[in-house]
Amino acid sequence: ALATMIQSYGWTRVAIVASDDAYGFSLAKDVQQLLLQTDVRVDQFLTYPDDDWKPFPLGTNAEQMDVAVNRLLRSSTRVVVLTGIVRDIQHFFLRAYRSGAAGPGTEFVYVG
């Protein structure tokens with residue numbers, strides 16, 4: 001459904017950001033495979049660890065989310081596919097908002 005939606009909006013370039021747990025990563029790979037069958041190019045495939053046992057915002061997941069956000073900011077891709085559990089996506093959006101990659105006035109579109 002995500003690949004179809006992306007095509008219906010006429011988007012031709014996307015980035016994928018996923019947690020590296022079984023759910024987030026496998027869903028992201030499925031979306032990537034579907035997009036490979038279309039004219040949509042995946043410019044970046046970024047992951048961050050799902051550190052369930054570490055209280056957020058501590059741990060490598062916070063650092064890797066910052067890396068992903070910074071890579072998005074440095075790229076020209078503005079459509080981002082997010083996969084993962086809700087808690088991780090909420091934390092990603094918080095970090096993206098604080099960095100200027102989400103919120104009013106930004107050029108990013110997030111789907112997932």
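Predicted model: local features only at pLDDT ≥ 70, side-chain atom pairs only at ≥ 80, totals over all residues.

Visitor: What makes aspartate 88 and arginine 87 a salt bridge?

Guide: The closest N and O atoms of aspartate 88 and arginine 87 are 3.0 Å apart. The limit for such a pair is 4 Å, so the two residues form a salt bridge. Arginine 87 has 34% relative accessibility and therefore counts as partly exposed, since that term covers the range between the 20% and 50% limits.

Visitor: How do you know that the buried residues of helix H4 lie on the same side?

Guide: In H4, the buried residues are Asp88, Ile89, His91, Phe92, Arg95 and Ala96. They cover an arc of only 160 degrees around the axis, and therefore they share one side of H4. An α-helix has 3.6 residues a turn, so residues three or four places apart point the same way. On the face turned away from the buried side, H4 carries the exposed residues Val86, Gln90, Tyr97 and Arg98.

Visitor: How do you know that the span of H4 is close to the expected one?

Guide: Helix H4 comprises residues 86–99, which is 14 residues. From its first C-alpha to its last it reaches 20 Å, and the span expected at 1.5 Å a residue is also 20 Å. After H4 comes glycine 100, whose phi is positive, near 90 degrees.

Visitor: What makes aspartate 66 and arginine 95 a link between two helices?

Guide: Their side chains meet in a salt bridge, with 2.7 Å from N to O, which is within the 4 Å limit. Aspartate 66 belongs to helix H3 and arginine 95 to helix H4, so the pair ties together parts that are 29 residues apart in sequence. Aspartate 66 is partly exposed, at 27% relative accessibility. Arginine 95 is buried, because its relative accessible area of 15% is under 20%.

Visitor: What makes arginine 13 and aspartate 43 a link between two strands?

Guide: The closest N and O atoms of arginine 13 and aspartate 43 are 2.7 Å apart, and the two form a salt bridge. Arginine 13 lies in strand S1 and aspartate 43 in strand S2, so this pair joins parts that are 30 residues apart in sequence. Arginine 13 counts as partly exposed at 29% relative accessibility, and aspartate 43 counts as partly exposed at 25%. A network of salt bridges links Arg13, Arg41 and Asp43. In the whole structure, a search finds 5 salt bridges.

Visitor: Why is the pair of phenylalanine 92 and phenylalanine 93 called edge-to-face?

Guide: The ring centres are 6.5 Å apart and the planes stand at 70 degrees. Planes over 60 degrees apart count as edge-to-face, so the pair is given that name. Phenylalanine 92 is buried, with a relative accessible area of 0%, whereas phenylalanine 93 is partly exposed, with 32%.

Visitor: Why is the pair of phenylalanine 108 and tyrosine 110 called stacked?

Guide: The planes of these two rings are at 25 degrees, with the centres 6.1 Å apart. Planes under 30 degrees apart count as stacked, so that name applies to the pair. Both phenylalanine 108 and tyrosine 110 are buried. Ring pairs link Phe92, Phe93, Phe108 and Tyr110 into a cluster.

Visitor: Which residues of the largest nonpolar core touch the most other members?

Guide: This core has 17 residues, and those that touch the most other members are Val17, Leu72, Val80, Leu82, Phe92, Ala96 and Tyr110. Strands S1, S2 and S3 and helices H3 and H4 each give two or more residues to this core. Helix H3 gives the largest share, 4 residues. Apart from this core lies another, of 13 residues, including Val14, Ala18, Val81 and Val111.

Visitor: How do you know that isoleucine 6 is buried?

Guide: Isoleucine 6 has a relative accessible area of 0%, and the term buried applies under 20%. Isoleucine 6 is in helix H1, and it touches Trp11, Val14, Leu35, Val40, Val81 and Val111, leaving aside residues up to four places away in sequence. Isoleucine 6 and valine 81 are 75 residues apart in sequence, yet 9.4 Å apart in space, C-alpha to C-alpha.

Note on methods: Residues numbered from 1 in each chain as written. Heavy atoms only, no water. Expected span 1.5 Å × (residues − 1). Buried < 20%, exposed > 50% of the residue type's maximum accessible area, 1.4 Å probe, protein only. Arc of directions from axis to C-beta. Core = buried A, V, L, I, M, F, W, Y, C linked by side-chain atoms within 4.5 Å. Contact = heavy atoms within 4.5 Å. Phe/Tyr/Trp six-rings, centres within 6.5 Å; stacked < 30°, edge-to-face > 60°.
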